[in-house]
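Reader: I am new to this structure and would like to go through it step by step. Please show it before we start.

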Amino acid sequence: MSATTDTQHLIQAVTGNQAVAMAMKQIDPDVVAAYPITPQTDVVQEFAEYVAAGSVKANFVTVESEHSAMSACIGSASAGARTMTATSSAGFALMWEMLYIAASMRCPIVMTTVNRALSGPINIHCDHSDSMGGRDSGWVQIYNEDAQEAYDATIMGFPIAEHADVRLPVMNMYDGFIISGAIGPLQALTDDEVKAFIGDAPTYPNLLNTDEPMTFGPFDGLHGFYFEHKIAQQRAMDRALNVIQGVYDRFAAVTGRQYNHLMTYCMEDADIAMVVANSAAGNARIVADQLRAEGVKAGVIKLRTFRPFPTAEYAKALANVKAVGVMDRADSFGGVGGPLYMELLSALYQYDIRAKTANFIYGLGGRDIFPQDVETGFRLLQAAAEGADLPKSRVYLNMKGA
Amino acid sequence: MSSSLTEIRWHGRGGQGAVTAAKMVAEIAAEHGKCFQAFPEYGPERSGAPIVAFTRLSDDPIQCYSAVEHPAIVLVLDETLLSVVDVTDGAPADAAVIVNTEKSPSEIKKVFDFGKRRVYTIPATKIAKQTLGRAIPNTPMVSALSKITGQFSLGEIEDHLRHTFGKKFPPKVVEANVEAAHMGFEEVQE
Amino acid sequence: MTWDIKDIQKWSPEEHELGAVIPEAGNATLYKTGGWRSERPVRDEEKCTQCLFCYFYCPDTAVLVEDGKVVAFDYDHCKGCGVCATECPVDAITMHPETEFEGGC
């Protein structure tokens with residue numbers, strides 16, 4: 001679809017949060033249970049306005065906390081209702097217990113997580129500590145660069161979550177303030193296109209079906225089958241890789257926007273590569289272009305699907321690279337490095353790829369990241385590709401007092 | 001696995017004190033420089049429900065924390081469990097089963113199949129009622145274990161009751177327990 | 001639906017219901033808790049006034065009532081807690097060691 005001539009798909013100027021609220025309106029789920037928190041607030045607020053105006057049929061459940069929001073979502077999804085929510089930071093942390101339960105009860109909930117730092121010191125700005133901390137909760141995690149990607153991911157949420165091979169909750173991330181509050185271009189689908197794309201919700205065991213009463217969330221102790229249920233969750237994650245790519249491809253057929261687990265940029269012949277998630281990816285591409293102009297073979301991999309982690313695809317993309325930098329907007333204190341770095345090192349080791357690696361921690365608590373900061377990282381990789389060693393400890397980008 | 005290793009399984013009911021009995025054996029072992037381990041099979045606490053606890057005794061450090069699969073000694077604190085639980089499960093043919101009952105080994109062997117395993121009986125609850133005035137069969141069961149395994153002596157049980165146990169309880173209770181231990185030691189029958 | 005769990009101990013992860021759902025209603029009765037009991041309640045028909053206190057107090061619905069009258073105890077599920085004996089206002093229910101009964105020991 002061409003943006004300038006296609007009157008059905010005109011480019012609109014909206015914030016990231018508005019884009020997601022619009023997608024939720026078009027999906028018109030059965031239930032939204034959510035609690036407002038900066039910087040997610042407008043998602044919930046705008047959706048509540050749609051409810052108040054009668055432009056959606058969704059049942060909007062106002063709750064007193066995020067723990068309750070996720071609890072309500074679990075109940076609602078277990079009753080067979082299409083269920084969505086949104087959160088951020090401390091709200092995400094308050095959902096923690098219920099995140100695991102949503103995944104283990106195989107509730108196909110779709111949630112927006114607007115990435116924000118966890119306190120303290122108290123901070124409302126962007127980093128990925130919230131969702132990265134929840135990476136082992138059993139949710140599919142998709143990271144998004146801008147409002148368009150966040151909107152598209154929201155539309156793609158249910159086809160992934162509800163797929164018979166998956167049946168897992170899906171969370172979509174984008175950067176708090178940087179994307180959530182910034183006004184950017186959005187090319188939306190029509191309501192009919194959205195309805196056709198997501199289709200009707202499949203039926204599965206339903207808590208409220210009194211004709212076939214069942215028990216949900218039972219105790220399963222020492223001699224039970226908890227272990228087998230966990231294995232089943234992991235196997236669903238394994239299958240999700242193909243399902244997600246299938247949904248990406250189907251979405252491309254409708255919109256022309258092709259997503260992949262990894263969004264590669266100039267990687268075909270790259271000697272050095274930077275792996276990065278969300279809004280900082282653009283800066284990485286800008287610097288890669290500058291380096292290419294100098295004759296340095298630089299490339300960028302933007303993280304998109306993080307859970308399940310596309311291990312083999314990273315191995316393939318990085319097979320011939322001499323030095324890889326991983327940019328983490330969260331840290332795993334006391335760990336080998338940030339969460340993305342650890343994941344990537346494991347993937348490379350598993351596939352016998354021994355590229356030099358470095359971990360760049362950046363942007364914590366909303367600290368801005370400029371192209372020159374990314375260049376600092378790229379220059380280290382460039383030197384490493386020419387024989388220098390890379391630091392084993394974390395390299396901090398745009399740190400004060402450096 | 002050390003050749004000196006003795007693995008013991010306790011069968012009781014929630015609230016009956018199988019874990020306390022297993023702990024008492026562990027404490028006696030500790031007092032005499034033996035290596036030991038005592039733990040219940042964890043689960044929801046349900047008064048009256050059949051429960052299992054384990055004790056390991058050894059001259060060498062115990063490194064295995066798995067459930068005891070093949071106990072050399074099985075102690076049954078409540079004879080009503082015999083119709084509910086297979087207390088001989090996994091116990092080898094030369095294992096010993098010690099049952100708290102007023103019946104004789106030959107009487108209970110007529111009702112339940114213990115295979116070739118040695119069966120001992122001890123009226124531990126009756127002894128406890130006589131000496132302590134309460135139906136807590138732990139102490140006589142522990143002294144029966146001492147007699148059958150030889151892992152620790154009646155004198156060592158007595159020392160434990162007078163010293164460790166004696167720190168928490170008044171002399172009257174301690175002496176009643178010492179008496180219960182002696183009676184238990186005497187009244188075990190094969 | 002009826003849920004056939006005869007071989008559940010051998011099921012692979014895929015054979016279990018997604019999300020550990022139990023697709024059969026009311027199957028808690030299949031879990032016999034009578035084995036937890038070391039004492040069983042016995043009711044004296046002569047003393048019993050049919051006040052139904054035992055029925056209301058029993059935490060396991062193990063006091064069986066027909067046509068408004070207590071008829072028996074459900075010994076498959078009675079855990080022997082003794083609340084019925086404690087609450088009986090005319091002492092018509094007494095607790096007896098399981099060893100006194102056939103199949104006890």
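Reader: How far apart do the C-alpha centres of domain 1 of chain A and domain 2 of chain A lie?

Author: This is a predicted model. The domain assignment of chain A places domain 1 at 9-255 and domain 2 at 262-396. Between their C-alpha centres the separation is 28 Å.

Reader: How many salt bridges does the rule find across the interface of domain 1 of chain A and domain 2 of chain A?

Author: A salt bridge here needs a side-chain nitrogen of Lys or Arg within 4 Å of a carboxyl oxygen of Asp or Glu. The side chains of A:E149 and A:K302 form a salt bridge, at 2.4 Å from N to O. Across the interface of domain 1 and domain 2 of chain A, the rule's count is six.

Reader: Which element gives the largest share of the side of domain 1 of chain A that touches domain 2 of chain A?

Author: The elements that give two or more residues to this side of domain 1 are α6 (129-133), β6 (140-143), α7 (147-161), β7 (170-175) and α9 (226-255) of chain A. The largest share is five residues, and it comes from α9(A).

Methods. Residues are numbered from 1 along each chain as its sequence is written. Chains are lettered from A and ligands numbered from 1 in the order in which they are written. This is a predicted model: local features need pLDDT of at least 70, side-chain atom pairs count only at pLDDT 80 or more; totals for chains, interfaces and linings use all residues. Side-chain values use heavy atoms; hydrogens and water are left out. Domain bounds come from an automatic or database domain assignment. Helices (H or I, at least four residues) and strands (E, at least two) are DSSP runs, numbered from the N terminus.
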